[in-house]
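Please take a moment with the sequence and the structure below before reading on, and keep both in view as you follow the text.

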Amino acid sequence: MNNNYITYLQSQNRSPLTIQNYTKYINMALNYIGKPENKIVYMDLVNWKSTFTNLKPNSQNIRISAIKSYFGFLKKAGIIASDPAEELEKQKIRDCDVKQKPYIEAHYLRDMVNNARTIRDKAIILLFATTGLRVSELTGITLNQYKNMGGNDGRELTIVGKGNKTRRVYINDETKMAIDCYLTTRPQSGYDNLFLSFQGGPIHSNNLSQTLKAVAKKAGYSQWKDICNHALRSAFATTKAEQGTPLTTIQASMGHARLETTLIYIKRNQGAINDAMKNMAF
């Protein structure tokens with residue numbers, strides 16, 4: 001693989017995880033085909049694509065995206081004359097191919113807050129539920145960021161999201177009170193992260209996911225095994241949509257570049273669908 005491609009991805013503000021995955025899948029494809037990049041043709045890529053048709057559509061598409069991105073770069077850089085991946089098609093994703101994550105209604109969010117084991121967990125759940133942060137954004141918040149919030153009332157927290165893009169989220173009264181209370185119990189540590197593990201180190205996303213499952217189980221949520229950090233982000237989007245918040249405002253709050261991405265997070269509430277049909281008149 002051409003090493004300049006990594007520099008190209010970095011210049012596009014791609015996340016370290018994306019760069020890691022793309023380079024892995026590109027090297028897998030090149031090793032399978034066994035030809036120099038300038039000798040690879042469309043059918044080589046089709047044959048490679050046929051080796052992972054047993055995977056779920058999303059898993060197939062990330063591999064295809066990686067190879068399309070790589071050969072697109074090679075053509076832009078003048079390393080190859082034509083792009084053999086240009087016509088390579090992604091798999092269509094149907095609703096039945098996507099496992100629907102549980103829909104967390106507002107009262108379950110409140111139950112989770114009320115059943116949090118510690119003030120730290122309560123503050124984390126409130127922050128997830130009221131801002132829609134990604135887990136990496138929440139665990140990456142520093143004490144300095146929190147203590148130097150901006151805005152007219154000092155409640156706007158600057159977040160560095162995907163692609164190093166910044167946005168501001170508002171910390172409401174209940175969430176700020178919970179975080180301030182947690183800070184009185186926060187372990188002494190050399191780490192500057194706002195939220196720490198009980199051992200005084202950064203919180204790992206997997207451990208945080210297990211914490212949320214435990215709280216959801218204690219709160220009596222039947223689908224507690226499916227609860228994860230992502231589910232609370234989705235709950236934020238769905239709850240705000242049900243409250244009538246404009247979709248573009250939800251999009252900006254969550255740091256999405258495209259509105260279509262935001263719509264994926266907003267889950268269908270069957271009760272609301274039923275009510276709409278009951279009240280249908282013509």
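The paragraphs that follow begin with confidence, turn to one helix, and end with the nonpolar cores.

This is a predicted model, and the mean pLDDT of the protein chain is 86, with 91% of its residues reaching 70 or more. Among the elements of the chain, helix α9 (residues 173–183) has the highest mean pLDDT, 96, whereas helix α14 (residues 270–278) has the lowest, 56. Where pLDDT is low, the predicted coordinates should not be read in detail.

Within α10, the buried residues are Leu208, Ser209, Thr211, Leu212, Lys213, Val215 and Ala216, and what covers them includes α5 (106–114), α6 (119–131), α7 (135–140) and α11 (229–242). After α10 comes Gly220, which has a positive phi, near 85°.

In soluble globular proteins, nonpolar side chains tend to be buried together. Here the largest nonpolar core has 40 residues, of which Ile104, Met112, Ile125, Leu127, Leu138, Phe195 and Leu232 touch the most other members. The elements giving two or more residues to this core are α5, α6, α8 (143–147), β1 (156–160), α9, α10 and α11, and the largest share, 7 residues, comes from α6. If neighbours within four places in sequence are left aside, Leu232 is in contact with Ile104, Leu109, Met112, Ile125, Phe128 and Leu212. Apart from this core lies another, of 24 residues, including Tyr8, Tyr22, Ile26 and Leu88.

Methods:
Residues are numbered from 1 along each chain as its sequence is written. This is a predicted model: local features need pLDDT of at least 70, side-chain atom pairs count only at pLDDT 80 or more; totals for chains, interfaces and linings use all residues. Side-chain values use heavy atoms; hydrogens and water are left out. Buried means under 20% relative accessible area, exposed over 50%, partly exposed in between (1.4 Å probe, protein chains only). Helices (H or I, at least four residues) and strands (E, at least two) are DSSP runs, numbered from the N terminus. Contact means heavy atoms within 4.5 Å. pLDDT is the predictor's confidence in each residue, from 0 to 100. A nonpolar core is a set of buried Ala, Val, Leu, Ile, Met, Phe, Trp, Tyr and Cys residues joined through side-chain atoms within 4.5 Å.
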